[in-house]
Amino acid sequence: MKLQRMNRRALALGALAVSGALALTACGSDETGNPSGGSSNAAAQSNIKCDDASGQVLADGSSAQKNAVDAWVKQFSAACQVEINYKAGGSGAGVTAFTQGQVPWAGSDSALKPDEVAASKKICSGGQGINLPMVGGPIAVGYNVPGVDKLVLDSATIAKIFDSKITKWNDPAIAKLNPDAKLPNLKIQAFHRSDESGTTDNFTKYLIATAKKDFPYEGGKAWQAKGGQSAPQSSGVAAQVKQTAGAIGYFELSYAKDGIKTVAIDTGAAEPVEATVDNATKAIAEAKVVGTGKDLALKLNYATKADGAYPMVLVTYEIVCDKGNKAETLPAVKAFLRYAASEDGQKILAENDYAPMPEEIITKVRTTVESLS
């Protein structure tokens, strides 16, 4: 009996090694050759329910959640041996790919618009596309100003910087908010997204909600303000900020790596608020579900002045058909979204500089995922 138990254990370990190798081949690895997540890998994988999931799933959309999806995929693929290929071409590209039936699910940092819902009915047989809030987090404003380690800005100043109305780092408006900083007489290089982006949409929604006089634009996924320079996707903007003296740009906190400093926001609260996961969660907790039926689109309170609530946040939605999903991809998509919404899946978010969804919201997401057909 002891020998049989040893043999069974050896077979199980061998299967795990094979599945882990398959996942790394499909999804990449960190510099050590191991999936991210450390010692939590085995526990997370053991709780993943694969059902009949198999094969390959193509998806596209929000680059904001790319690092989160990568972390999920490493765990999910190792447990279920399903290959998830997430292109992360931006929210606009993802929604277009979904409504054209090119992918079974997409990620978007903005909820579907009425015309996009109408378009989705053509590919969701008997149903429509719905928004499932799955990933949250702060939109960090990163900067590269030599000699300035801490920087505070308010919404009006941010709006003027990104609309080319403030062009030097020692401008009186910036100096007033940073009396102890040695601000250089350096040209501001403001970077925005070149592609249609939900990050841009949420960034400009914040400016419109809090500094409409200084940012007189309609907002949306495409950049509208004057001047500045552009770069593709969040990774591109972050790279430009890192390598350009005088640069400033906006991207998800998970992209603020390798020494990129981030702005604290003067919201009118007792103290300026830093861009952190916990501070973003405090702001997202004020969100209200405004979607109908199985749609869980949220309305965020960008103008919050609550202490410790970072207002410049976004929520990434996983967009999928409520009914009429393709039979060949439904099991894999459903299993993957179930894992992403699970306690383990949400825990991984915090480990990768994202904000988990508040419990009241994620509970509704879990129920909706189980009803997908």
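**Entry 1: terms and model**

I call a residue buried under 20% relative accessible area, exposed over 50% and partly exposed in between (1.4 Å probe, protein chains only). I am working from a predicted model, where local features need pLDDT of at least 70 and side-chain atom pairs count only at pLDDT 80 or more, while totals for chains, interfaces and linings use all residues. Residues are numbered from 1 along each chain as its sequence is written, and side-chain values use heavy atoms, with hydrogens and water left out.

**Entry 2: the whole chain**

I looked up the confidence before anything else: the chain averages a pLDDT (the predictor's confidence in each residue, from 0 to 100) of 89, and 88% of the residues score at least 70. Over residues 1-39 the pLDDT is below 50, although this stretch has 32 contacts in the model (heavy atoms within 4.5 Å) beyond near neighbours in sequence. Where pLDDT is low, the predicted coordinates should not be read in detail.

For the secondary structure I noted 13 helices and 13 strands, taken as DSSP runs (H or I, at least four residues, for helices; E, at least two, for strands) and numbered from the N terminus. Of the 373 residues of the chain, 52% count as buried. I also noted that, among contacts between residues at least 6 apart in sequence, 75% join residues at least 24 apart.

**Entry 3: helix α12**

I asked which residues of α12 are buried. In this helix, which spans residues 343-351, they are Gly345, Gln346, Ile348 and Leu349. They cover an arc of only 150° around the axis, which puts them on the same side of α12; the arc is taken from the directions from the helix axis to the C-beta atoms. Glu343 and Lys347, on the other side of α12, are exposed. The buried residues pack against α3 (66-80), β4 (129-144), α11 (330-341) and α13 (359-370). Just after the helix, I found aspartate 353 with a positive phi of about 65°.

**Entry 4: salt bridges**

Side chains of opposite charge can pair when their charged atoms come close. I counted as a salt bridge a side-chain nitrogen of Lys or Arg within 4 Å of a carboxyl oxygen of Asp or Glu, and the structure holds 10 of them.

Aspartate 353, already noted for its phi, meets lysine 257 in one of these, at 2.7 Å from N to O. Aspartate 353 lies in the loop between α12 and α13 and lysine 257 in the loop between β8 (247-252) and β9 (261-262), so this pair ties together parts that are 96 residues apart in sequence. Aspartate 353 is partly exposed at 25% relative accessibility, and lysine 257 is partly exposed at 38%.

I then followed arginine 338, whose side chain meets that of glutamate 370 at 2.7 Å, N to O. Arginine 338 lies in helix α11 and glutamate 370 in helix α13, so here the parts tied together are 32 residues apart in sequence. Arginine 338 is buried at 15% relative accessibility, whereas glutamate 370 is partly exposed at 40%. Both belong to a network of salt bridges that also links Asp51.

In a further pair, lysine 165 and aspartate 163 meet at 3.2 Å, N to O; lysine 165 is partly exposed at 44%, while aspartate 163 is buried at 4%.

I asked where aspartate 109 is found, and placed it in the loop between β3 (105-108) and α5 (114-120). Aspartate 109 is buried yet has no salt bridge, and the nearest side chain of opposite charge, arginine 193, is 5.9 Å away; for charge, Lys and Arg count as positive and Asp and Glu as negative, with His and the chain ends not counted.

What I did find is a polar contact between the side chains of aspartate 109 and serine 62, at 2.8 Å. Such a contact is a pair of N or O atoms within 3.5 Å; within protein, one must be able to donate a hydrogen and the other to accept it, and residues adjacent in sequence count only if both atoms are side-chain atoms.

Serine 91, in helix α4 (residues 91-99), is buried at 1% relative accessible area. The side chain of serine 91 reaches the backbone nitrogen of aspartate 109 at 3.0 Å, and a polar atom of this side chain lies 3.4 Å from the backbone nitrogen of glycine 198. Leaving aside residues up to four places away in sequence, serine 91 also touches others, including Gly61, Gly107 and Lys221.
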